[in-house]
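Subject: Structure handover

Hello,

Here is the structure I said I would pass on to you. Please open it next to this message and look up the residues as you read.

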Amino acid sequence: MKKALIVVDKSWIDGRNKEDMLRLSAGKRLLLPDMLFYELTTTNARMMAGFKKLTALADFCDLIENIGGLLRYEINNNLPSSPFINKPFLRTAKGFTNIFNQIVNEGFTPEQEKIRDEEQNEREIKGTESLKKIFACVPVWFPELNEIKPGSYSEFQSFIEKVAADSFKIKSIYEEITGFRKGFYPSAKIVDENWAFYRRVQVHLLAGIEYCQKYGVENTAVISKKLPNEFLDLEYLIIATLADGLATCENRLQKLYKLICRSEEHTSELQSH
């Protein structure tokens, strides 16, 4: 019998004790994305506790590559990433318990800390600036956003719900984005909800509209300590929409995940508090 694959984020690891996690993982496989390890290793206060929990859960867990790995698979094979079973970017976590224990017992070498700091700069500083520029382009595809005042929650929420369910619009935007390299990316004619390419466009559009609601249309000058974390969370969401569920304690992720899954009326699971 196929076991549901549930994506786990850092908030869920932090917010659950080991016994709860073992109970909730019964009959399922927990997916540990690349982003989870990045967040654990850059949050020193919770790192040791997080890796201890992962060691206890290893028999129930699988490791999955980041979004880049899924996109490469789709380009190279012209096939969707989902379902994940028997795909090269998925592997059992059981063989990695020694590495988890080593991190708990020994921490990082100076060289590893340097690599970690460089990756943090790449993901959180450069990555945030890049996504801000992408989100500033959202009104190009949805000029109606220019008529909505920042902070108008109900109007933006209605718009987000509309876009989440509009697969034709999402595919059209994907086709426009990838049109400058025709033949390299999978054709928009075959890309659907099972493709990481589709999910990345969908999630980024919704997050972009949300960004406009919070900070204003075409505003790339925003400075907020919350932004890097909000952007990092999108990776969990993209992978979760390709899996069978999401385990998170983040209200924002819960809402976006429910919205996407409800709009498509497929079976999914959300474990939160």
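This is a predicted model: local features need pLDDT of at least 70, side-chain atom pairs count only at pLDDT 80 or more; totals for chains, interfaces and linings use all residues.

The core

The largest nonpolar core has 82 residues. Those with the most contacts inside this core are Leu32, Leu54, Phe84, Phe142 and Leu145. Helix α11, residues 196-215, gives the largest share of the core, 11 residues. As general background, nonpolar side chains in soluble globular proteins tend to be buried together.

What does Phe84 touch, leaving out residues up to four places away in sequence? The list is Leu5, Leu31, Ile64, Leu70, Phe89, Leu90, Ile239, Leu242 and Ala243.

Phe37 is another residue to look up. Phe37 sits in helix α3, residues 34-41. Is Phe37 buried or exposed? Its relative accessible area is 18%, and buried means under 20%, so Phe37 counts as buried. Not counting residues up to four places away in sequence, Phe37 touches Leu32, Phe51, Leu54, Leu63 and Phe100. Phe37 and Met47 are 10 residues apart in sequence, and their C-alpha atoms are 9.2 Å apart in space.

The largest pocket

The largest pocket has a volume of about 1,000 Å³. It is lined by 34 residues, and the closest to its centre are Ser130, Leu131, Ile134, Arg200 and His204. By class, the lining of this pocket divides into 21 nonpolar, seven polar and six charged residues.

Which helix supplies the largest share of the lining of the largest pocket? That is α7, with nine residues. The elements that each supply at least two residues of this lining are α5 (67-77), α7 (110-136), α8 (138-141), α10 (167-178), α11 and α12 (226-242).

The cavity

A search of the whole structure finds one cavity of 30 Å³ or more. About 40 Å³ of space lies in the largest cavity. The elements that give two or more residues to its lining are α11 and α12, and α11 gives the most, with five residues. The lining residues are Phe135, Ala207, Glu210, Tyr211, Lys214, Tyr215, Leu227, Glu230, Phe231 and Arg252. Six of the lining residues are nonpolar, none are polar and four are charged.

The N-terminal end of α5 is capped by Asn66, which has a side-chain oxygen 3.1 Å from the backbone nitrogen of Gly68. Within α5, the residues Ile67, Gly69, Leu70, Leu71, Tyr73 and Glu74 are buried. The buried residues of α5 pack against β3 (61-64), α11 and α12.

α5 is followed by Asn78, which is in the loop between α5 and β4 (90-92). Phi of Asn78 is near 55°, a positive value in a residue other than glycine. Asn86 lies in this loop between α5 and β4, and has a positive phi of about 65° although it is not a glycine.

How exposed are these two residues? Asn78 has a relative accessible area of 42% and is partly exposed. Asn86 has a relative accessible area of 76% and is exposed.

Pro83 is also placed in the loop between α5 and β4. The peptide bond from Ser82 to Pro83 is cis, with omega near 5°.

Regards

How values were computed:
Residues are numbered from 1 along each chain as its sequence is written. Side-chain values use heavy atoms; hydrogens and water are left out. A nonpolar core is a set of buried Ala, Val, Leu, Ile, Met, Phe, Trp, Tyr and Cys residues joined through side-chain atoms within 4.5 Å. Buried means under 20% relative accessible area, exposed over 50%, partly exposed in between (1.4 Å probe, protein chains only). Helices (H or I, at least four residues) and strands (E, at least two) are DSSP runs, numbered from the N terminus. Contact means heavy atoms within 4.5 Å. On a 1 Å grid over the protein atoms alone, a cavity is a set of points where a 1.4 Å probe fits but cannot get out, and a pocket is an open set with protein on both sides within 12 Å along at least five of seven lines; lining residues have an atom within 4 Å of a point. Grid points are joined across faces, edges and corners, and a volume is the space filled by probe spheres set on the points. Ala, Val, Leu, Ile, Met, Phe, Trp, Tyr, Cys and Pro count as nonpolar, Asp, Glu, Lys and Arg as charged, and the others, Gly among them, as polar. A polar contact is a pair of N or O atoms within 3.5 Å; within protein, one must be able to donate a hydrogen and the other to accept it, and residues adjacent in sequence count only if both atoms are side-chain atoms.
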